[in-house]
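Please look through the sequence and the model below before reading on. The paragraphs that follow go from the whole chain to its details.

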Amino acid sequence: MLMLSTMTMIIFIITIAVMMLATLLSKKTLLDREKCSPFECGFDPMNSSRLPFSLRFFLIAIIFLIFDVEIALLLPMILIIKSSNLMNWTITSLFFIFILLIGLYHEWNQGALEWNE
């Protein structure tokens, strides 16, 4: 029991020493404003945060995520074609693709896919 307690104390002291050494070695000596500031999507975080920002960037990202998730749902359909009823698989796949095409047409019709403002 005494040996276990001694080993635990030695491991604890070694851990503290390594953490202190890592802290001393990792200190940055040169503080650069650009390196110390967070990267905020290409905008200067030191300026006012109330600058006008085009929501088109966010809209394109959301559209990408929606269609990316839809592709991730379409890929397993290929794998289950052999283990499912062909008629049910065809109807489900066509319905799913039809919904995707309606969504794509709606985005195109609303002008969300055009980058020019």
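The model is a predicted one, and its secondary structure consists of 4 helices and 0 strands, so that the elements, read from the N terminus on, run α-α-α-α.

As for the surface, 8% of the 117 residues of the protein count as buried, and the accessible surface comes to about 10900 Å². Of that accessible surface, 73% belongs to carbon and sulfur atoms.

Where does a nonpolar surface patch lie, and which residues make it? M9, F12, I13, I16, M19 and M20 together make a nonpolar surface patch of about 620 Å². One of these residues, M9, is found in helix α1, which covers residues 2–25. M9 counts as partly exposed because its relative accessibility is 48%, whereas the label of exposed is kept for residues over 50% and that of buried for those under 20%.

The geometry of helix α4, residues 86–110, can be checked against a simple expectation. After α4 comes G111, a residue whose phi is positive, near 85°.

Note on methods: Residues numbered from 1 in each chain as written. Predicted model: local features only at pLDDT ≥ 70, side-chain atom pairs only at ≥ 80, totals over all residues. Heavy atoms only, no water. Patch = residues over 30% accessible without salt bridge, like charges linked within 9 Å, V, L, I, M, F, W, Y side chains within 5 Å. Areas by Shrake-Rupley, 256 points an atom, 1.4 Å probe, with all protein chains shown as cover. Salt bridge = Lys/Arg side-chain N within 4 Å of Asp/Glu carboxyl O. Helix = DSSP H or I, 4+ residues; strand = E, 2+ residues; numbered from the N terminus. Buried < 20%, exposed > 50% of the residue type's maximum accessible area, 1.4 Å probe, protein only.
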